[in-house]
Amino acid sequence: MKHYTEDELVLYYYGETDDRGEITRHFDSCAECVEQYRAIRQTLEIVNDYDIPERMNNYGSEVWQRLRDHLPEGGRSGPVRLGGGHLGILIWLSPLLYPVAVEALFYNAALARQIGAMGIVLLLLSLFWALSGPFFALHVLNRLQRIQVDAAWHRAIVYGALVAAVSPPLLLLLRNTGLGLVGWYGAIALIGASTLLPVTESKNSNNRLRRVHRISALLIATFAFVHIANHVCAFINLPLHTTVLNEVRLAYRYGMIEPLLILAVAVQVSTGGIMVWRSLLRGTQKSRNPQILSGLYLGVFFIAHLTAVFIARSAGVETNFMWAAGIGGVLADPHTVYLLPYYVLGVFGILCAYWLPCSLEFCGSSIQGHGTEAFLYRLCNWRLGCVDDRVCAVWHACWAAGANASGISAGE
Amino acid sequence: MGGTDLEGILARVRQGNADEFRALVERHSTRVFRLAFRMTGNEQDAEDVVQESFLRAYQNIDRFEARSDFLTWLYRIVTNCALDFMRSRGTRQRLVSESEFDKMPFSASGLPDPEHLAIGSEFQRRIAFALDVLTPMERTAFILRHYEELSIQEIASALGVGNSAAKQGIFRAVHKLRVALASERVKKI
């Protein structure tokens with residue numbers, strides 16, 4: 001006689017079997033299966049007695065009251081729309097048209113020299129255009145509310161925003177390595193195609209990486225402070241800049257200092273890149289978007305800058321201010337005009353547009369914890385005494401920016 | 001709530017009217033709590049899971065497809081949320097240790113102990129322990145089938161696995177429960 005298995009009888013108990021009538025008939029003639037079934041039923045009846053804490057009739061209202069304050073403002077993670085159009089598609093136009101924006105910058109600079117006021121207006125417009133990518137990217141990511149890279153259309157928007165944000169240093173890197181516009185559009189196509197590849201959420205913690213990241217940031221910041229100050233000198237007095245540069249070089253090119261700085265940049269870029277990727281996979285909140293975009297920008301900026309410096313050094317070119325800015329200024333040459341949005345976003349854009357909102361957030365939450373930000377925040381409070389929190393936040397932003405936006409030309 | 005009502009609410013929530021979400025929260029909170037409690041085994045944790053689940057549901061409401069059942073979709077979020085919650089706390093803290101379990105007055109003789117049988121909480125702890133023996137997948141599949149009365153297909157959909165995997169989860173769960181609650185079963189006869 002055929003006996004039914006435990007699994008078949010479990011399905012019978014739950015009414016999930018097609019052989020229900022047949023099994024019922026089988027029970028009439030098989031005491032073994034009846035006993036087996038009775039044991040299963042008794043076990044499941046025991047489990048039925050598992051009590052659940054009672055909830056009042058108005059429990060739903062209570063949950064709603066608690067939930068309401070946590071619902072994100074301005075909607076959810078749906079398709080991102082602006083005036084009926086999809087920002088998710090528009091964001092890809094930013095990197096696609098970025099080379100055109102830079103060319104427009106060059107031709108409008110020439111026009112401004114020829115026709116004056118009207119040319120200056122056009123020059124400013126093209127400058128805003130060339131600088132708009134990271135801001136547009138930030139806006140789009142913020143509209144997503146919560147990044148969820150497990151959906152293809154979400155990935156398309158996120159990847160598009162990331163490329164838009166890093167367009168200035170990425171294009172410069174590709175130009176410096178000889179890939180030019182072919183490499184640029186090839187890279188965009190590859191990144192676009194990669195949105196079809198599925199990714200899974202990350203469960204890994206960033207805590208250890210964050211510690212290493214911050215230590216490397218402080219090392220770079222020490223160099224960057226001197227470096228940026230010296231660049232400011234160049235705008236006031238070029239010979240003074242050159243003198244200071246020569247003196248500073250003696251220090252940072254001494255012994256292991258330069259390799260240590262380069263190692264710090266490598267650590268900064270790699271740990272930052274991993275943390276950005278994990279944050280995206282985890283579905284980061286929009287308060288982290290400025291940090292993600294500015295961090296990514298800096299990562300590509302570091303790579304582009306160091307690559308340019310080492311290519312120049314290997315060719316025996318002096319990597320001074322004239323090398324960085326061009327003989328007639330960055331707008332005078334179609335090859336150096338790419339440096340303008342690259343530097344502006346690398347310095348002022350990061351300082352003013354990205355790190356300030358990040359720091360405001362830190363002041364409100366994680367700044368209360370440990371680590372670099374907490375130290376800087378306490379330092380800010382000490383320096384500014386009893387001034388209000390917002391001023392502290394601005395002050396902190398400068399410190400944080402100094403620590404993180406450093407190494408603007410670590411290899412010079 | 002009829003299908004048309006639900007569609008209307010979803011449409012308004014998608015347009016950004018967060019207050020419309022209230023009807024869904026009020027309707028499903030108790031069931032969501034029950035599921036969350038059975039999964040986490042802890043009242044406070046269950047409350048946290050309820051809140052996080054509704055928040056995720058709100059954020060992802062655009063992903064809900066009208067042809068699916070809303071409750072099944074919500075259960076999927078709750079189970080994921082509870083599993084994340086348990087993972088984030090490491091191995092779920094057992095309500096009863098194995099040594100405590102062995103010392104419980106029911107086990108040795110197999111005969112009912114009236115004094116202790118009267119203590120409902122002891123009995124509850126034994127069931128909680130038995131459920132604790134299950135893996136998260138087995139526990140979830142079993143809870144959805146046994147308590148929430150979802151079909152195998154709905155469970156598979158909620159867990160994002162195939163029908164066969166959902167069935168196996170239930171089979172393994174029932175088998176483990178039979179072993180863990182054998183002495184209780186003897187007393188009930």
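Residues are numbered from 1 along each chain as its sequence is written, while chains are lettered from A and ligands numbered from 1 in the order in which they are written. Because the model is predicted, local features need pLDDT of at least 70 and side-chain atom pairs count only at pLDDT 80 or more, whereas totals for chains, interfaces and linings use all residues; side-chain values use heavy atoms, with hydrogens and water left out.

**View 1. The interface of chain B and chain A.**
Here 45 residues of chain A are in contact with 54 residues of chain B, contact meaning heavy atoms within 4.5 Å. The size of an interface is often given as the accessible area lost when the parts come together. The two chains bury about 4,800 Å² between them, 59% of it on carbon and sulfur atoms, where buried area is the accessible area (1.4 Å probe) that two parts lose on being put together, summed over both. The rule finds 14 residue pairs in polar contact across this interface, both residues at pLDDT 80 or more; a polar contact is a pair of N or O atoms within 3.5 Å, and within protein one must be able to donate a hydrogen and the other to accept it, with residues adjacent in sequence counting only if both atoms are side-chain atoms. On the side of chain B that touches chain A, the elements that give two or more residues are α1 (3–14), α2 (21–40), α3 (43–59), α7 (120–132), α8 (136–146), α10 (163–180) and α11 (182–188) of chain B; helices (H or I, at least four residues) are DSSP runs, numbered from the N terminus. The largest share of that side, 10 residues, comes from α2(B). Its residues divide into 25 nonpolar, 12 polar and 17 charged, where Ala, Val, Leu, Ile, Met, Phe, Trp, Tyr, Cys and Pro count as nonpolar, Asp, Glu, Lys and Arg as charged, and the others, Gly among them, as polar.

Side chains of opposite charge can pair when their charged atoms come close. R145(B) counts as buried at 10% relative accessibility, whereas E16(A) is partly exposed at 24%.

R38(A) and E35(A) both lie in helix α3 (residues 31–48) of chain A, 3 residues apart, about one turn of the helix, and their side chains meet in a salt bridge (2.8 Å, N to O). An α-helix has 3.6 residues a turn, so residues three or four places apart point the same way. R38(A) counts as partly exposed at 36% relative accessibility, and E35(A) is partly exposed at 39%. Elsewhere, salt bridges that share partners join R55(A), R66(A), E43(B) and E47(B) into one network, which includes the pair of E47(B) and R66(A) (2.8 Å, N to O).

S126(A) has its place in helix α6 (residues 117–144) of chain A and is buried, with a relative accessible area of 3%. A polar atom of its side chain lies 2.8 Å from the backbone oxygen of L123(A). Not counting residues up to four places away in sequence, S126(A) touches A101(A), A104(A), L105(A) and N108(A). N142(A), which is also placed in helix α6 of chain A, is partly exposed, with a relative accessible area of 26%.

**View 2. E149(B) in a loop of chain B.**
E149(B) lies in the loop between α8 and α9 (152–159) of chain B and has a positive phi of about 55° although it is not a glycine. At 61% relative accessibility, E149(B) counts as exposed.

Definitions and conventions. Buried means under 20% relative accessible area, exposed over 50%, partly exposed in between (1.4 Å probe, protein chains only). A salt bridge is a side-chain nitrogen of Lys or Arg within 4 Å of a carboxyl oxygen of Asp or Glu.
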